[in-house]
Amino acid sequence: MTVRYGQLQALTSIDLTMASGETVAMIGANGAGKSTLLRTIAGLHSPVEGTIRFEDRDITRLAAYERVALGIVLVPEGRRLFPSLTLEENLRIGATRGRPGSWSLARVYDLFPWIAERRRMTTVFLSGGEQQAVAIARALMSNPRILLLDELSLGLAPAVIHRLYNVLPSLLAAGMTILLVEQDVTQALRVSDRAHCLLEGRITLSGRPEELTPAEVEAAYFGLARRGGAGAG
């Protein structure tokens, strides 16, 4: 799959497969193309080459809302909550285009009890970590089969990041598949079944986290292998 913004090529020949029920991490620095990849899978960008297939069905030309109905749901970078609405109203919006399933307000409140206690509060009074939790909860209301998490830990304190990552096993136990975009390499590798590194729109490293050495990850993340011929070191 190749994606362009005008003359700028954001993704080049991306080949990615996800199996049902696994967590796949996409790591890389700012500007590597990670968010573009998620937004393209979600239907917010269209590839100029290649196809996106879901259970042997070509969904490349489906609109974003049609992909939500299939169970492909994005938690966007920056949360994108509706600040004038209450927490519960934000959650209900998540269910408007979703598919039938077991995720409901009651189940979301069971996962995040504090949201139930503050459900009539508007989102402007929440911390960054609380907003991220509400963004995840809103996505769950769509009953996703594939959850696209964009920069889960961005701008959050380590303790908050730890709490959010502790939610992931519950989602996997519910049969969800997760594609996680992260700059926090340690967290991403800790929770993923497979990992890919994206650099300047290309996948530069792939494998199971336990098979990837720190040196390999660093070289792929910063493009050190590409510069090796310049006599560095």
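In the predicted model, the charged end of Arg107 sits over the ring of Trp103, 3.9 Å from the ring centre, where a charge is taken to sit over a ring if NZ of Lys or CZ of Arg is within 6 Å of the ring centre and within 35 degrees of the ring normal. Arg97 likewise lies over the face of Tyr65, at 4.8 Å from the centre of that ring. The model is a predicted one, in which local features need pLDDT of at least 70 and side-chain atom pairs count only at pLDDT 80 or more, while totals for chains, interfaces and linings use all residues. Residues are numbered from 1 along each chain as its sequence is written, and side-chain values use heavy atoms, with hydrogens and water left out.

Thr40 is placed in helix H1, residues 34–42 (helices being DSSP runs of H or I of at least four residues, numbered from the N terminus). With a relative accessible area of 0%, Thr40 is buried, a term that means under 20% relative accessible area with a 1.4 Å probe and protein chains only. Beyond its neighbours within four places in sequence, Thr40 is in contact (heavy atoms within 4.5 Å) with Met1, Val3, Leu11, His45, Pro47, Ile52 and Arg67.

Tyr165 belongs to helix H7, which covers residues 158–165, and counts as buried because its relative accessibility is 2%. When neighbours within four places in sequence are set aside, the contacts of Tyr165 are Leu152, Leu180, Glu182, Gln187, Ala188, Arg190 and Val191. Thr177 lies twelve residues from Tyr165 in sequence, and the two are 15 Å apart in space, C-alpha to C-alpha.

How values were computed: Helix = DSSP H or I, 4+ residues; strand = E, 2+ residues; numbered from the N terminus. Buried < 20%, exposed > 50% of the residue type's maximum accessible area, 1.4 Å probe, protein only.
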